[in-house]
Each structure stands twice: as structure tokens, then as C-alpha cells.
Amino acid sequence: MTTPVTTSADQSVKPLRLLFTLALLGYVALHLGFQFLNWVLPAENTTLISRSQSAGFLDLFVMSFPLLAVLIATHVSPQLAGSKIFALVALIEYGVAILFGGVTFLIGLGGLGWVDTFPEAIDALGHVVLTIGRIGLIALAGYAVLRVFLALGGRVTLPTGLNPPA
């Protein structure tokens, strides 16, 4: 015999929303941190240009995880208490991704000057076009998170007990 289900599917997942939000934002923060270390610290037989070309600041989950975390925190009722902070963290992660993704893209362009064959030219063109597309997608996701952040009030305030004395 089967046991009858007493809760709906959405009610069984709602208690996990905070955990999912923290996990998604935390993973992206850790990924960006480790990518920064891999980019800055030289490894054997690599150059700054080669590390810049393969830097993972613009990966697919860097694009999607912060937006997904903000949507989970804000668009499923009831809204999580820390939604404004989660949106701010997502904005910071998108800013870091665009900043370092853009810098590594520009540095990595220096390695595309030695294209000799047609397949290498197609590969170089694909690298440039797809990287610009990834930057655009991250900027679009960041804009969506910014709109959510502004709709939540647009600023993070300290509790009255933490304000400095006048």
C-alpha cells in the first residue's frame, strides 16, 4: 500500500529555498575566487595570455546561478527575509564576472594574433564572438537582478542598533 501524500509538491520544496539560494550564490563566489587564483598565479608552461584565454569568469553557471538564486528568493511566495542581501550579493558576483571576464578577454586577444590557417581563424572568430555574447548574457542577467534589487527598495540599511552614534 502507498501512503497518501499530505502536501503538494511546491510545499515540499519551499523549506529548501534558503538552502538553495545560499548554495547557488556560494558556489559562484567560490568559483570566481578560485578562477581568480588560477588566473593570477602562474602555472608551469603557461603565460598570462594563455591563462586569460581559458579563464572561467564567464561560464554558464556564473551567468545563471545568481539569477536563479534571486528568483528563488523573491518570486516564490513568501519572499525570503534576506532577499535584498541575496540580490546585492548576486549583483556583486555579476560585477566581478564582467570585470574580470572583460579584462581576461582583452588580455587573451593578444594570443589570437598567430592565426595561420582557416580553421584557426574560425576558432579565433568563434572565441571572440562567443565571449562577447557571454559578457552580454551576464550583463542582461545582472540587469534583471538590478531591477529586482531596485524593486525591493534599492538599498541595504543597517539595523538601528548598529548605526554609529551621532
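This is a short tour of a predicted model, going from one selection to the next.

The model is predicted, so local features need pLDDT of at least 70 and side-chain atom pairs count only at pLDDT 80 or more, while totals for chains, interfaces and linings use all residues. Residues are numbered from 1 along each chain as its sequence is written, and side-chain values use heavy atoms, with hydrogens and water left out.

**Stop 1: Glu93**

Select Glu93, in helix α5 (residues 83–108). Helices are DSSP runs of H or I with at least four residues, numbered from the N terminus. Glu93 is buried but has no salt bridge. Buried means under 20% relative accessible area, exposed over 50%, and partly exposed in between, with a 1.4 Å probe and protein chains only. A salt bridge is a side-chain nitrogen of Lys or Arg within 4 Å of a carboxyl oxygen of Asp or Glu. Arg134 is the nearest side chain of opposite charge, 17 Å away; Lys and Arg count as positive, Asp and Glu as negative, and His and the chain ends are not counted.

Now show what Glu93 touches: Leu25, Val28, Ala29, Leu32 and Pro66, leaving aside residues up to four places away in sequence. Contact means heavy atoms within 4.5 Å.

**Stop 2: α2 against α5**

Axes are lines fitted to C-alpha atoms, for helices over the stretch in contact, and angles run from 0 to 180 degrees between N-to-C directions. Residues of α2 including Leu25 and Trp39 meet residues of α5 including Glu93 and Ile107.

**Stop 3: α6 on α5**

Next select helix α6 (residues 118–151), whose axis comes within 9 Å of that of α5 and crosses at roughly 160°. α5 and α6 are therefore roughly antiparallel. Among the residues in contact are Gly101 and Gly102 of α5 and Gly142 of α6.

**Stop 4: Gly26**

Return to α2 and pick Gly26, which is partly exposed at a relative accessible area of 28%. From Gly26 to Pro66 is 40 residues in sequence and 9.2 Å in space, C-alpha to C-alpha.

**Stop 5: two loops**

In the loop between α4 (60–74) and α5, find Pro78. The peptide bond from Ser77 to Pro78 is cis, with omega near -5°.

Finish at Asn45, in the loop between α2 and α3 (48–53). Asn45 is not a glycine, yet has a positive phi of about 60°. Asn45 is exposed, at 78% relative accessible area.

Terms used
Parallel < 35°, antiparallel > 145°, perpendicular 65-115°, else oblique.
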